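I opened this notebook to record what I looked up in one structure. The entries follow the order in which I worked.

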Amino acid sequence: MDGKSQEWLWPSPATVSSPNSDSNGPSFIRLQNLLTGEQNTDTFHQQAATTPGCTFRRCLGSLMQVPSQTKRHNGLKPKEVVIKEAKDFLMEYYASLRKENTEAHLKRQADVIDEIQAKGLYELTEQELTYGCRLAWRNASRCIGRIQWGNLHVFDARDAVTPEDMFNAITDHVKYATNKGNIRSSITVFPPRRDSMHDFRVWNVQLIRYAGYEQADGSVIGDPSNIEFTKICQSYGWRGNGGMFDVLPLLLQANGTEPHLFEIPEELILEVPISHPEYDWFEELKLRWYALPAVSCLLLDIGGVEFPACPFNGWYMVTEIGARDLGDTNRYNLCKPVAQYLKLDTRSETTLWRDKAIVELNRAVMHSFLKHKVTLVDHHTASNTFMQHLDNEQKLRGGCPADWVWIVPPISGSATKVYHQEMLNYKIKPSFEYQEDPWKIHTKGSQRKFKDIAKLVVVSTDLMGKVLAKRIRATILYATETGTSERYAKMLKKLLDIKFDAKVVCMADYDFSNLDYEKLVFIVASTFGNAEAPHNGEEFGRRLHFRAHPIDLNASRTGSLHLPRRKSKLRANETEDRTSSFMINVKYSVFALGSRAYGENFCAFGRSLDTLLRDFGGERICPLGEGDELCGQEESFRSWAGKAFRAACETFCIDAVDHSDATTSLTTIPSWSENNFRLVFDKKKTAAGLLEALSELHSTHIEPLTVLSVTNLQSSSSLRSTVLVKLKKASESNLCYFPGDHLSVFPRNDPEIVDQLLRKLADKESSDITTQLEYLSNEGIWTVDTHMPATFTLREAFMRFIDITSPPTPQFLHCLTSLAMDQNDRNKLAELAKGSKEYEDWKFWKNPGLIDVIEEFPSVRLPATLLLLKLPRLKQRYYSISSSMAMTPDEIHITVSVVAYHTKSGKLRRGICSNWLNSLKEGESVPCFIRAAHGFRMPPDQSVPIIMIGPGTGIAPFRSFWQQRLADKNREAAFPVTVTKETRFGKMTLFFGCRESTKDDIYMDELKDCLTNGVLDVVHKAYSREPGQQKRYVQDLMKDHGGDLLHTILDEDGHIYVCGDVSMAADVSRTIQNLLIDYGLFDQEDAIEYVKTMKERGRYHEDIFGITLRTGEVTERIRKAAQR
């Protein structure tokens, strides 16, 4: 070490400033804007990390570096200092997540303290590192561009070991940050300081800088400020070309060893030739400048951990180049040459020739960067945005450290707003610190030969290969009810794995706090029912919505996430929230799945996520993709996936693969072969219990309900069947529900179909023997596959776990291609496996299940392992609960329409779950769980009138409503209270529709009783097939009673509940809009907006179900429209 260097003395914890007190000054300081006269009070300085260097006798404000605050190369901080700074940082980090003093925070703090006591330092998590880097920029008092601090992209290179590793990371940084001129703020963080001997250092002051060659006569060619470092590079074997703008090599030191030289590849360095918008002679100066200002000499201090190597870049302010780099006398000193070209009188300073020359230099730089589309900000705009940053910080933190000497631009000072603003300079941690130049404290080693150094100057093909192989992490989140989104997410992973490090995560399993720190996110999400999230996407969607709109009533009131469908706009006071958001650095794209049968609710959940991510600052790299399950969904997904992949490659400056290669990765299924999977049969073992197996497969607690009765509600003369299924809870059951909630039922496949399938399998002789599914690991070990229960029988698997009736996917058909013995079968399967129009038509006309496929392609051999792995799981079905716990606390009732229909090809199809439920006998068991439907709950205020609209089985949830009202009335009768506005019961009106009064009027007797005892106030019925009468639907009844309806809606703030299929729900919505126009004197636009507002404010509730007797006609109409 240089003997003249003063040793840095660490302050003891007792002398470190307390967050709540400052012994050196008042608890607040008033700062005035001298232009406007406005004053702000800075209290944030009380949290300053160290006492200021200034005293009452002297001011150090204009010093470039304060000697006592330059970090010395003397090892780790004392443990007690590290512990204190770590605790302060973790408190701030967890507070940013709204998790301060939680169990997670306290456990992390305890683990960190243990690690510090053992090793003297601790490892920051990737999220903590990202947060700390951004906060250090935010706290950098000398930076005028800090308003962008939330945009900082963090490259974690703490796994670097060698100088080559450092070089790889830096080239990744330069390529990403340069971004073809659209500069992106970035930082690369190398391993932390662990002792006094093994630092990682970048010896360059900036990653890109021009050499300075000192001549014999004392003159300089190039940049005079880099003479010393140029000589150091030359001492390590670099020669240079002796030009004005030779880019210096990188000199990188890893783990305290001898530094290595690396030339930065020319193709990574973006330079801008300097020209002038008016003066052609300017090009004769042959000036240029590099686009990326990446500072690499500072030390990063986060929570007591120091990182001596952390190159960091923003983008240039014009005066940094035009006034300082090109204009300063100790730099390129171009003021006089420019003045001479301008024919200015340079003999006297009174002519202000320097000022004119500097202005023209800055004009030239501004013009050139704009001309070549390279990011650059002028000093006036930078000043204005910094004033906005000060305002934001004053609101968010009570102040902002700012060094006036550095913030005010080097030209036009008083013409900028910052010149007139009083500022307070203090140090807040995390922070960037000055440190000693590495060559001043490093003893050059003699063990490395010059020829070894020279080898590192040229970048080898192998080294560049490693640069390109560096993988960016990508997270794929999915939410699904049927498994399609999960399948697409896994297909996308296979594509992304070509260039990225991708992982697939269900939204229900994702730690939402990580979203702020993701670099690349893809979302594949379906929409459940009426614009709601799938059950495994509810919490993610709700938290995202709440963060973007923290006071939105709809988000807090409706739990089964019914997100707003309007285009979201930030409120005026959300500017600082957007600016300080960490999600602003997330790159994302969304693929939404849905059915156009749901009209305006098509892909609603995916669309909402796309909008919310954008509103909260995410950068959409590829437009929203949408897939319609009625037509071309597979093709739409492939198209979006290819575009999203190429957009991600372009965003992160990665060379994409050929389009054909990307397409191939989407059309081939994940690897499966009979050699890699097997079934191991064991007659001695017992299969896992059904409830245990289902709970494990579906990651939810499933309970058994016992059948009490199954009663047909329709006339025996009706060709249709609707049944009331009464189920009894076990005495120890924890199932609880509210009126409007859903019962999730796990069905059983038809035993006859299962028998047919088992007879076709190669393993048919072992159908009832306990088995387990195993795969061959990369290590050559047979391992139990968790896709199925640990033990099961093939009969049970195809009866309870595997969906064998839904149309197979193109990926599954692709697998069958190789298993078909007949060439014609192979050709036809290969065509269908493309997932194009032929597949869509085949699926629409035949709606084939697995048995149909076997019959159509009889030469296909079916290994059981293929079916177990590649067919989707048998999913639960949802039914609106038709009972109230207040009336039957130990029972759950559901109203089920028994589904049967013919395909377009004429084949009979039966609904799996409804027909199974209809066949059940008393005492049989039904696996279930409750799915809360917060968006379809009765109003908390029982005095609010409600209007219920539901034809057919759409009446199901309303039975729970009138049972709840009856129980409430009985309770009131038993315990009389004084009737007030708050305690009286609101009016209940029911609009019900069915085909014929004598055959289909389900719950007719119950409705009569409800009218008699005053539970229901009004019941209107419409019959669409009543003999001798005109067809009538619930919409017709609504028109007949439009005046009463509008009175309830407009004057009494009543709630509307609609339950039925999507077409009926859309018709009801249009009818209400028309009533507002006809009776309420609304214009069309206002009527539409009023209904939307009712939905968003939780006064218009919809429970829309999918398969009905009208599904076929709706599907065909929409398919034809899509094909046109």
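I began with a definition: two residues are in contact when heavy atoms of theirs lie within 4.5 Å. I also noted that the model is predicted.

Entry 1: helix α5. I looked up the helix at residues 227-235 and found I227, F229, T230, I232 and C233 buried. Using the contact definition, I then listed what these buried residues of α5 pack against: β6 (212-214), β7 (220-222), β8, β9 (260-262) and α11 (438-441). Just after α5, I noted G237, which takes a positive phi of about 105 degrees.

Entry 2: the whole chain. I counted 36 helices and 38 strands in the protein chain. Of its 1124 residues, 55% count as buried. I then turned to contacts with a separation of 6 or more, and residues 24 or more positions apart account for 75% of them.

Entry 3: The largest nonpolar core here has 58 residues, and M166, F190, F282, W289 and L326 touch the most other members. At least two residues of this core come from each of α4 (163-178), β8 (250-253), β11 (288-290), α6 (318-325), α7 (335-341) and α8 (353-371). The largest share, eight residues, is supplied by α8.

Entry 4: a buried charge. Which side chain of opposite charge is nearest to E518? I found that it is K503, 4.9 Å away. The side chain of E518 does make a polar contact, at 2.9 Å, with the side chain of T475. Not counting residues up to four places away in sequence, E518 touches T475, Y510, N585 and V586.

Entry 5: a strand pair. I examined strand β30 (residues 891-897) and found five of its seven residues buried. Strand β25 (residues 722-729) runs antiparallel to β30, and seven bridges join the two. Within this pair I located V723, which stands opposite V896 in β30.

Key:
Residues numbered from 1 in each chain as written. Predicted model: local features only at pLDDT ≥ 70, side-chain atom pairs only at ≥ 80, totals over all residues. Heavy atoms only, no water. Buried < 20%, exposed > 50% of the residue type's maximum accessible area, 1.4 Å probe, protein only. Helix = DSSP H or I, 4+ residues; strand = E, 2+ residues; numbered from the N terminus. Pairing = 2+ DSSP bridges. Lys, Arg positive; Asp, Glu negative; His and termini not counted. Salt bridge = Lys/Arg side-chain N within 4 Å of Asp/Glu carboxyl O. Polar contact = N/O pair within 3.5 Å; in protein donor to acceptor, adjacent residues only side chain to side chain. Core = buried A, V, L, I, M, F, W, Y, C linked by side-chain atoms within 4.5 Å.
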